[in-house]
Amino acid sequence: MPFDVARIRQAHPALAEGYAHFDGAAGTLVAEPVARAVAGVLGGAVSNRTTAFAPGRRALAIVDAARVAAGDLLGADPAGVVFGQSATALVYTVARGLAGTWQPGDNVVVTRLDHDANVRPWVQLASAMGVEVRWAAFDPATGALPFAAFEPLVDARTRVVAVTAASNAIGTVPDVPAIAALAHGFGAVVHVDGVHATAHLPVDVAALGADYYVTSAYKWSGPHLAACVAAPSQWERTAVLKLLPSSDAVPERFELGTPSFELLAGFTAAVDFLATLDDTGTPDDAGTPDDAGVLNDAGTLNDAGTPDGAGVLDGATSRPRRERVLRSMAAVHSYETRLFERLLDGLRSMPAVRVLPAPAGGCPTVSFRIAGEDPATTAARLGDQGICVFSGDYYAAEYFTAMGLRETGGAVRAGIYHYTTADEVDRLLAAL
Ligand SMILES: Cc1ncc(COP(=O)(O)O)c(C=O)c1O
């Protein structure tokens with residue numbers, strides 16, 4: 001079945017500016033219904049949360065709807081969805097929340113493939129608690145992070161295994177279910193960085209074996225807001241420093257201060273939008289903020305301020321969205337994989353281009369260097385030609401250090417996203 005990229009691009013009016021965006025791994029453009037949902041809340045009557053009057057009930061409903069949306073996106077319990085400013089902030093929240101029970105002699109396992117957000121918080125807390133850090137190494141020849149790298153590291157004193165669901169540098173998708181099963185066999189907690197993976201793959205946190213899974217909506221057409229999901233019982237075992245009058249209940253107790261209702265509405269709209277990406281839906285059928293039950297098609301607020309419109313709080317309606325998300329992300333995966341092969345074939349055919357190795361079957365993100373040109377120069381040269389790519393280490397600091405490239409500028413990163421076209425891939429290759 002063809003993937004209707006033209007329809008999807010129409011829903012991203014910012015693409016009309018003409019840039020070819022290969023920078024999705026650093027952040028995507030938001031879909032138009034997302035911008036409308038955010039603006040709808042900012043322009044409407046939304047108070048702080050209270051049941052006393054409709055504007056306050058709207059705020060309550062926006063938060064509830066966003067938890068259900070995150071649950072549908074990831075296969076998670078909405079009662080275990082914690083929102084935060086960024087994935088980085090949420091990993092620190094979780095690491096601080098777990099570290100209090102660590103004892104000297106314990107260990108935590110991190111990887112040299114991960115973004116620093118799923119490395120440094122664990123390393124710093126381990127140091128503070130006198131706990132050993134064990135490093136799972138990737139294979140520099142293949143870019144794989146094999147299960148075998150974890151086997152000798154995990155033991156009965158392992159408290160946490162922190163691993164990525166997909167590398168933001170080279171797209172590698174480790175065998176997280178196997179790694180999680182190993183960790184769980186020793187009673188360790190598994191913290192999965194899903195920031196890169198969520199944009200490209202159907203996600204089921206239970207199938208992954210993730211005790212915590214973190215994602216950031218700005219990587220998948222949403223606003224700058226992140227969510228970490230875990231079972232409510234896992235959150236109950238997670239400590240947090242909080243204000244006296246604020247709720248002690250899970251998940252609210254981890255959300256310090258007043259949440260950003262506008263970004264939460266945008267988060268829900270982004271999940272709704274992702275659910276329309278396969279051929280059977282249109283952005284207007286299900287991708288409007290109306291699904292949040294708080295905003296209507298015009299992006300204005302309804303009176304009830306409850307998620308009654310689409311009934312997202314009742315399982316009957318949320319289940320179909322979950323199914324639509326899974327179907328859509330499977331379609332995204334196959335579309336992106338085809339385009340990625342075109343990009344890789346083109347890059348590999350250029351003798352001056354060194355593609356950093358990555359195993360087949362990963363996310364559609366590649367790092368490369370051009371002989372005789374430093375990566376920042378390549379990125380600027382492409383930028384001058386209307387092509388957006390990032391250069392540097394993109395915070396995959398351990399990866400680039402291990403590859404011996406960090407001191408010399410890292411690499412250039414190009415990623416396929418579901419609004420990328422074959423013409424844009426050809427433009428990038430021609431510009432190189
Ligand atoms: C794999 C991965 N993890 C974590 C992060 C950090 O996300 P945030 O910017 O939400 O803190 C990023 C951002 O680039 C990422 O790509």
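Buried, as used in these legends, means under 20% relative accessible area, and every view is taken from a predicted model.

**View 1. Valine 366 in strand 10.** Valine 366 sits in strand 10, which covers residues 365-370. Because its relative accessibility is 3%, valine 366 counts as buried. Alanine 37 is 329 residues away from valine 366 along the chain, and the C-alpha atoms of the two residues are separated by 33 Å.

**View 2. The largest pocket and its lining.** Rolling a probe the size of a water molecule over the atoms shows where empty space is left. The largest pocket holds about 480 Å³ of space, and its lining is made up of 19 residues, with Ala89, Thr93, Phe254, Glu255 and Leu256 lying nearest the centre. Strand 2 (81-84) and helix 4 (87-99) each contribute at least two residues to this lining, and the largest share, 5 residues, comes from helix 4. By residue class, the lining of the largest pocket divides into 10 nonpolar, 7 polar and 2 charged residues.

**View 3. The second largest pocket.** For the second largest pocket the volume is about 380 Å³, and of the 22 residues that line it, His115, Asn168, Val195, Tyr218 and Lys219 are the closest to its centre. At least two lining residues come from each of helix 4 and strand 7 (212-216), with helix 4 giving the most, 3 residues. The lining of the second largest pocket comprises 12 nonpolar, 7 polar and 3 charged residues.

**View 4. Surroundings of the ligand.** The residues around the ligand are Ser86, Ala87, Thr88, His115, Ala117, Asn168, Asp193, Val195, His196, Ser216, Tyr218 and Lys219. A polar side-chain atom of threonine 88 lies 2.6 Å from an oxygen atom of the ligand, and a polar side-chain atom of tyrosine 218 lies 2.5 Å from an oxygen atom of the ligand. In the side chain of aspartate 193, an N or O atom is 2.5 Å from a nitrogen atom of the ligand.

**View 5. Helix 4 along its length.** Helix 4 consists of 13 residues and spans 18 Å from its first C-alpha to its last, close to the 18 Å expected at 1.5 Å a residue. The buried residues in helix 4 include Ala87, Leu90, Val91, Thr93, Val94, Ala95, Gly97, Leu98 and Ala99.

**View 6. Aspartate 106 and two arginine side chains.** Aspartate 106 is placed in the loop between helix 4 and strand 3 (107-111), and it counts as buried because its relative accessibility is 4%. The side chain of aspartate 106 makes a polar contact of 2.8 Å with the side chain of arginine 157, and a polar contact of 2.8 Å also joins the side chains of aspartate 106 and arginine 159.

View 7. Most residues other than glycine have a negative phi, and most peptide bonds are trans. Valine 250 and proline 251 are joined by a cis peptide bond with omega of about 5°, and proline 251 lies in the loop between helix 8 (232-236) and helix 9 (261-274). Serine 221, in the loop between strand 7 and strand 8 (226-229), has a positive phi of about 75° although it is not a glycine, and it counts as buried because its relative accessibility is 0%. Tyrosine 394, found in the loop between strand 12 (390-392) and helix 13 (397-402), has a positive phi of about 40° although it is not a glycine, and with a relative accessible area of 10% tyrosine 394 is buried.

How values were computed:
Residues are numbered from 1 along each chain as its sequence is written. This is a predicted model: local features need pLDDT of at least 70, side-chain atom pairs count only at pLDDT 80 or more; totals for chains, interfaces and linings use all residues. Side-chain values use heavy atoms; hydrogens and water are left out. On a 1 Å grid over the protein atoms alone, a cavity is a set of points where a 1.4 Å probe fits but cannot get out, and a pocket is an open set with protein on both sides within 12 Å along at least five of seven lines; lining residues have an atom within 4 Å of a point. Grid points are joined across faces, edges and corners, and a volume is the space filled by probe spheres set on the points. Helices (H or I, at least four residues) and strands (E, at least two) are DSSP runs, numbered from the N terminus. Ala, Val, Leu, Ile, Met, Phe, Trp, Tyr, Cys and Pro count as nonpolar, Asp, Glu, Lys and Arg as charged, and the others, Gly among them, as polar. The expected span of a helix is 1.5 Å times one less than its number of residues. Buried means under 20% relative accessible area, exposed over 50%, partly exposed in between (1.4 Å probe, protein chains only). A residue is near a molecule or strand if one of its heavy atoms lies within 4 Å of it. A polar contact is a pair of N or O atoms within 3.5 Å; within protein, one must be able to donate a hydrogen and the other to accept it, and residues adjacent in sequence count only if both atoms are side-chain atoms.
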